Amino acid sequence: MDFFSRSYKGLLGEKGQPQSVEDTVAKLVDRASSSTLLEDRRAAILGLKGLSREYRQEVGEKGIGALLHILNEDRADIDTAKAVLEILNILCTPDRQDSATDVAIKFTDEIVQNSANINLFLDILQEYDFYVRFHDIQLLGTLLAIRPDHVQDCVLTAPMGISRLMDLLGDRREIIRNEGLLLLISLTENNADIQKIVAFENAFEKLLEIITEEDGLNGGIIVQDCLHLILNLLRYNVSNQNFFRETSCIQKIPPLLNFSAEYQHQGFDLEFLTQDWHEQKIANTIVLLELIKILVVPNNMNTVTNQNVMIQCGVLKTVIELSLSSNAPSIVKSHSLYALADLIRGNQNGQEYLAKTVVPVPHPSQSSENDAKSSSYDQILIPPRPAVMSLIVVAVGAEYLESYSTRAAATYAFESYTFNNINAQLVLASTLTPPPDDNPNSEIIIAKPQSAGSLLLSALLEWEDSEADPYVVWFASVIFSHILMNNERSKEYARGIFFGDGDDNGEENITLLHTIAGNLMIATRQNAERQNADVRVLIGYLCTLCIWLWDSPISVREFLSESGHLQMLITSITQSSGVDARVQGLCAFLLGICYEFNHNLDPQITKSTLQQILLNRIGYDQFVNRITRLRESPHFKHASQYLQVVPEEAARGLPELYFDYAFVEFFKNNYETIQRSIRADPNTKSFSGLKGSDYQGDNDSTSVIASYKDVIQTQEKELSQLKESIKQLEQQLESQKLSAEGQISSLNNEIDILKQTIETKTANCANLEKERDDLYDCVADQEASIKKYRERLTALNQEVSDIEEEDDEGEGDDDDDDDDDDE
């Protein structure tokens with residue numbers, strides 16, 4: 001009590017009067033900075049903490065620098081560090097009532113402008129105390145939320161910074177681990193360098209271990225956070241995707257989905273197909289499916305490799321059964337269908353696997369809300385069917401209606417199945433036969449034996465009930481157009497389909513092409529009269545006819561053989577009101593296709609006649625305007641690439657889905673060709689398409705093909721010559737390489753010899769220098785002796801000059817010579 005009373009009295013002014021807030025804060029800051037006793041500093045900090053919530057600006061302006069200094073000096077004291085971190089967190093947390101110039105932003109900038117502060121916070125993470133580590137993590141998260149770039153740069157350059165953050169995932173206290181996980185999620189947003197470092201800190205293994213400990217997808221929000229962090233590490237990061245695959249993390253995806261490897265090739269698991277789906281499990285599953293999609297994004301460099309790994313380890317089988325056979329909610333099925341589409345798109349192995357797969361048929365009453373066991377018996381009684389047929393069933397709602405997003409996803413999955421898959425197109429086109437009317441099982445809709453083609457035709461042609469659900473026809477049109485796209489043999493199969501009993505009544509059967517065109521005429525008339533024909537039905541039929549007639553003169557001739565078809569197109573184009581602008585643009589495009597590919601020798605309507613109709617009855621400007629208005633239509637410009645339905649649109653009723661993205665790309669690539677061809681000479685043969693199978697019997701076209709063959713042969717010859725030249729150059733390069741290697745070897749030998757010579761001469765020089773030094777020593781000794789004798793002579797009072805010495809030496813030499821002569 002004495003301590004608190006003294007602290008209280010210390011905050012009073014003269015004569016016991018209370019001080020202002022500014023004076024109180026200034027005195028507390030001074031006491032926290034200058035007091036010698038730790039207890040006094042701690043008491044001052046606690047006083048600042050009490051004032052910080054109500055007087056943030058005053059405390060921050062006067063004390064933030066001192067608080068950072070105190071934290072650096074007294075961080076070993078748990079209570080002091082905890083209180084300072086809590087104050088800093090309060091000062092930097094934005095308040096909804098703050099103005100645009102939030103004080104939190106100002107204080108955050110003051111902290112992050114010095115990277116040493118971030119390094120300090122990262123060092124404090126080593127403290128094991130719960131509250132210190134908790135408030136430290138929260139403070140880093142607050143700073144990161146306000147200034148992400150600055151904090152990311154500081155963390156990236158801090159020694160052991162990311163390693164300390166990764167250690168939080170191993171903390172056994174769940175609150176600390178979860179807060180650290182949220183901090184890592186924010187830290188790895190849009191920073192590839194941090195993503196790589198975190199990934200190579202064994203993040204994938206640690207996160208997958210946490211998911212397993214939390215009971216997989218059945219776990220709580222922590223599982224979703226772990227998957228979210230993995231998504232951050234993989235999104236737009238090729239090296240992390242490679243690391244994820246190379247560390248065998250892809251193989252751990254099927255067990256997360258409760259898919260057992262024991263029955264991967266042995267049938268179906270009813271426990272997997274009839275799971276309990278609570279809200280959090282739905283969210284976890286959706287994030288995991290997003291993770292699969294990130295690894296197989298179309299046109300990425302590693303997509304094919306990742307697709308093959310997922311096919312081998314059972315991910316594809318899991319996704320197929322989850323999307324087509326399970327009791328999963330609609331939103332899970334739609335995401336799994338999109339994942340299925342990306343798993344097989346452009347991958348022949350995946351497309352073949354889907355074609356060979358049969359799946360159980362889910363009962364119409366089966367859903368996540370119903371008792372799974374009660375529906376499992378009904379599921380056993382229904383025979384399995386091909387997965388491709390199940391895609392069509394879901395898309396067109398043949399048995400029971402799924403949500404629009406699920407049906408759109410099934411349509412996109414079918415599109416991915418036929419993408420660059422000519423064989424699949426031909427197989428499906430060969431099944432385009434109407435079902436028999438006397439089917440004994442016709443009362444049982446689910447068990448009614450049908451082919452994929454007959455089911456598709458039923459949905460495509462039964463448009464009368466389209467007012468309630470126009471997407472039955474629209475989705476069927478999209479699927480049918482992908483069967484025909486860029487495949488003349490599929491178009492040939494479709495031209496061979498007839499309807500009616502004309503053989504019995506002596507009447508002519510109606511072809512499928514005329515049936516679709518007839519339905520289009522009736523639907524156009526009813527749409528103009530505001531009856532039950534939705535504009536989506538018209539758009540679906542017109543898009544299908546454009547795909548069918550493109551680069552197919554035989555189909556064009558069949559279409560123009562009925563004069564009512566041409567009249568319907570002209571009327572729709574020229575009508576000033578009552579016709580949707582998108583329909584008018586598609587009619588103009590379809591009429592242009594009929595003109596461009598009307599190449600037959602004896603058509604009922606010549607190309608010149610079509611040109612006169614286009615230029616005189618419609619007019620070139622009006623023709624171009626119709627196509628331009630179609631291009632500028634918001635639904636056309638913003639067509640979803642993956643046929644995605646926005647949930648808000650589906651909640652309001654019919655979604656705003658009018659065009660398939662593949663058709664939009666097809667239109668953009670070819671509409672200019674159609675516009676130019678209208679004003680060209682009709683006698684000039686065009687070759688707009690990529691296929692020449694429809695040009696049989698046309699001599700001019702045959703000559704064109706022959707000229708192309710000549711060009712190809714010439715190019716092949718040039719290519720062979722270039723290959724031969726390359727071969728010769730490679731031989732010359734090899735010979736020059738061998739010659740150079742020989743020269744290098746000889747030069748190396750010479751260098752070795754020169755080195756030995758230099759070593760020998762160096763040794764001789766050393767010996768000579770030694771001898772010279774010895775001679776210098778001898779001369780020095782002689783000079784010393786001479787000097788000694790001179791001194792002795794001087795001592796004897798005898799003068800000896802240099803001349804006398806020289807004479808004596810000379811006489812001595814003469815005497816020696818005489819003695820030698822006498823001898």
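Helix axes are lines fitted to C-alpha atoms over the stretch in contact, and the angle between two of them runs from 0 to 180 degrees between N-to-C directions. In this predicted model, helix α24 (residues 387-396) packs against helix α27 (residues 452-461) at an angle of about 10°, and their axes lie 9 Å apart. Angles under 35 degrees count as roughly parallel, and α24 and α27 are therefore roughly parallel to each other. From α24, the residues M389, I392, V393 and V396 meet A452, L455, L456 and A459 of α27. This contact comprises eight nonpolar residues, with no polar and no charged ones.

A further feature is the second largest pocket, with a volume of about 630 Å³. Its lining has 27 residues, of which R345, E415, T418, F419 and N420 are the closest to the pocket centre. By class, the lining divides into 11 nonpolar, 12 polar and four charged residues.

Because domain 2 (211-361 + 383-397) and domain 3 (452-678) both give residues to the lining, the second largest pocket lies between them.

Methods:
Residues numbered from 1 in each chain as written. Predicted model: local features only at pLDDT ≥ 70, side-chain atom pairs only at ≥ 80, totals over all residues. Heavy atoms only, no water. Helix = DSSP H or I, 4+ residues; strand = E, 2+ residues; numbered from the N terminus. Parallel < 35°, antiparallel > 145°, perpendicular 65-115°, else oblique. Contact = heavy atoms within 4.5 Å. Nonpolar A, V, L, I, M, F, W, Y, C, P; charged D, E, K, R; others polar. 1 Å grid on protein atoms, 1.4 Å probe; cavity = no way out; pocket = protein on both sides within 12 Å on 5 of 7 lines; lining within 4 Å. Points joined across faces, edges and corners; volume = space filled by probe spheres on them. Domains from an automatic or database assignment.
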